[in-house]
Amino acid sequence: MTDAATETTSGTATGQTAGAVPILETHGLTMRFGGVVAVDDVDFSMAEGELRCLIGPNGAGKSTFFKCLTHQYKASAGRVRFRGTDITGSHTYQIARRGIGIKTQVPSVFDGLSVHENIWVAARRHHGRREANRIVDEILERLRLEGHARRVVGQLAHGERQRVELGTVLTGEPELILLDEPTAGMTHEEVNQTTDLIREINRTTSLIVVEHDMQFIKAIAERVTVFHQGAILIEDTMANLEKNQQVRDIYLGKQHAA
Amino acid sequence: MTVLGVNLRNWETWGTILVGIAMVVLLFAGPHIFDLFLLFKVTLFVAMAILALSMGFIWGYGGILCFGQSAFYGLGAYTYAIAVGNIGESTAPFLLAIVVPGAFAALLGYFVFYGRLSDVYLAVVTLAVTLILYNFMRSTAGEEYVIGAQRLMGFNGISSIQPINWPGDGSAWLLPDEIFHLAMFCLIACYFGLKLLNRSHFGRVAVAIRENELRAELLGYDVRLHKLQTFTIGGAMAGLAGCLGVNFNSFVNPDVFALNFAAEIIMWTLIGGLGTLVGPMIGCIGLLMLKFEIGQQQITNTYLIFGGIIMLFVLLVPAGLLPTARQLGERYLPMLRADGAGDGRGREAAQ
């Protein structure tokens, strides 16, 4: 067992982590674009059942990190292990089948299809026709999208599109979900609903959440990883991070000044 | 209001039923209402309509813009001509004319999709392959270009191709009205086959991939394989069209691989309406009739007129005939308004 793993298990207890293989680990994960190093030698580890937040200023490499995990980008160096299995070279669709779901920063949905069809296409990959229909209804209700079922997704508001995308991800019951700015473009009320939803999802699923909204992070976070210039700056609880001068300088300080 | 999973309040259901009835009526009535000359022409139209369907499927539903769909038509035509020239009995040649273009599409698609070429390159590569075939077939006039007993005949083309016969009896050639029946039957089978396919899991994923490849992959679908399958189905169907097409006048020459023809198929689809199956057929038959009419006079060039038409459509009716008619219908005839978003219609609605 690596140091990183013991570190996370000794962190804020989620009750499900004792001695288990980390659900996700990266070793020396690096992504270079020409001379720019977007993700720089990242050793990341999280335990099963954890809800981890990633924060960091714009351009810190959070979204690129997600894209490397899901093989949308082929990492320049380093390994990714999911539940102990090396998935570094796997295709995007294979990683999805292994049980990693992702909600991208800009909602990635089937714009020309209806809400129902979006979620049906996602559900049908895992289930037979009848079961898929049942799951679609269940997801629509869970995400409060029943009223929009027949509407074309491209015509929906940003927050609704986010929920549709989350719905497509949830149908597969992934074991790990990556959420890239889930509250972007949402109203205050929608943010509160999303907070509840994420807590609910976390009862069965591990989550990594990238966010800028500090109130939201305080509401959901147990352990927070701070990215800075492509590398992990520090990992701690939100309360400790708020006291950390270095973090305040590079991130929170700017937020307060802004 | 659904019967057997079919939504009866949906205009699309009624459209499909109407098209089906019209095609079955034509199947039986055709030989009685057309004289022989016209029957030949209509048989060619039917073959071309199958080609239009294949294009409407891979482009309108699969989102694959293949600029060389005519290559598979031509391969089907040549495969039939060469095989029947060697074998003499048409059952195997008929099947080969579907399998060979399908296999060629699979091979070409493998390089294009597994090589992750973008849409523009796909169009360029397929067009280039078509033109390579054009130049190659034009240069096969020499006696050394022979497959079995059948010479390829270069730019003169292969003539006096033996027509399709009743299975098992190489001398029982189909009469013109029987060939028409066969072509019409194939068209109906292709149309309803694609309708069923589009309603299936496979068809819906194809549309989803058209809408957003990345999301499809993130949900665990192998986009490369799926597009390859779509492309192969389209290629095989175009090959079938080619096989029926040579039976119209027992003749095929390298012009089936020419740029004009390749572009015409794109025009049929654009004018008829992308994202529908009937649209490309309407565009196909409309433009072919126009081409025959223009061909009978000497005042102006066919492609000059076609160029004008395509510009008018791109500017004034960008969605194509059928989707535009549907939009107008839904606006002025509220009872037609679909309560379920259909397979191909979302694209227009989103714009």
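Trainee: Before we start, which pLDDT do local features need here?

Mentor: Residues are numbered from 1 along each chain as its sequence is written, while chains are lettered from A and ligands numbered from 1 in the order in which they are written. Side-chain values use heavy atoms, with hydrogens and water left out; as this is a predicted model, totals for chains, interfaces and linings use all residues, side-chain atom pairs count only at pLDDT 80 or more, and local features need pLDDT of at least 70.

Trainee: Okay, what share of the residues in chain A is buried?

Mentor: Buried means under 20% relative accessible area, exposed over 50%, and partly exposed in between (1.4 Å probe, protein chains only). Chain A has 10 helices and 10 strands; helices (H or I, at least four residues) and strands (E, at least two) are DSSP runs, numbered from the N terminus. Of the 258 residues in chain A, the buried share is 56%.

Trainee: What is the strand order of the open six-stranded sheet in chain A?

Mentor: Two strands pair if DSSP finds at least two bridges between them. The pairing in this sheet is mixed, and the edge strands, β6 and β10 (231-237) of chain A, each pair on one side only. Ignoring direction, neighbouring strands are turned by 20 degrees against each other on average. Read across, the order in chain A is β6-β7-β8-β3-β9-β10.

Trainee: Which residue in β8(A) stands opposite A:Leu179?

Mentor: Let's walk over from β6(A), which is joined to strand β7 (residues 176-180) of chain A by four bridges, running parallel. The bridge partner of A:Lys103 in β7(A) is A:Leu179. Next, five bridges join β7(A) to strand β8 (residues 206-210) of chain A, again parallel. There, opposite A:Leu179, stands A:Val209.

Trainee: Is A:Lys103 in β6(A) buried or exposed?

Mentor: Strand β6 (residues 100-103) of chain A is covered on both faces. One side has A:Ile100 and A:Ile102, and the other has A:Gly101 and A:Lys103. These residues, A:Lys103 among them, are all buried.

Trainee: What angle does α2(A) make with β1(A)?

Mentor: Strand β1 (residues 24-33) of chain A belongs to an open, antiparallel sheet of four strands in the order β2-β1-β4-β5 (chain A). β2 (36-46) and β5 (85-86) of chain A each have a single partner strand, so one side of each is left without a neighbour in the sheet. Five bridges join β1(A) to strand β4 (residues 77-82) of chain A, with A:Leu24 opposite A:Phe82. Across β1, β2 and β4 of chain A lies α2(A), and its angle to β1(A) is about 115 degrees.

Trainee: How many residues of helix α4 of chain A are buried?

Mentor: Helix α4 (residues 115-124) of chain A is mostly covered. Its cover includes α5 (129-142) and α6 (158-171) of chain A, together with α7 (201-211) of chain B. Among its buried residues are A:His116, A:Glu117 and A:Trp120. The count is 10 of 10.

Trainee: Over in chain B, why are α2(B) and α9(B) called roughly antiparallel?

Mentor: Axes are lines fitted to C-alpha atoms, for helices over the stretch in contact, and angles run from 0 to 180 degrees between N-to-C directions. Angles under 35 degrees count as roughly parallel, over 145 as roughly antiparallel, 65 to 115 as roughly perpendicular and the rest as oblique. The axes of α2 (residues 36-61) and α9 (residues 223-249) of chain B come within 8 Å and cross at roughly 170 degrees. That crossing makes α2(B) and α9(B) roughly antiparallel.

Trainee: How many nonpolar residues does the contact of α2(B) with α9(B) have?

Mentor: Contact means heavy atoms within 4.5 Å. The residues making it include B:Phe40 and B:Leu44 of α2(B) and B:Met237 and B:Phe248 of α9(B). Ala, Val, Leu, Ile, Met, Phe, Trp, Tyr, Cys and Pro count as nonpolar, Asp, Glu, Lys and Arg as charged, and the others, Gly among them, as polar. Besides four polar and one charged, the nonpolar count is 16.

Trainee: What is the relative accessibility of A:Glu173?

Mentor: A:Glu173 lies in the loop between α6 and β7 of chain A. Although not a glycine, A:Glu173 has a positive phi of about 45 degrees. A:Glu173 counts as exposed, because its relative accessibility is 61%.
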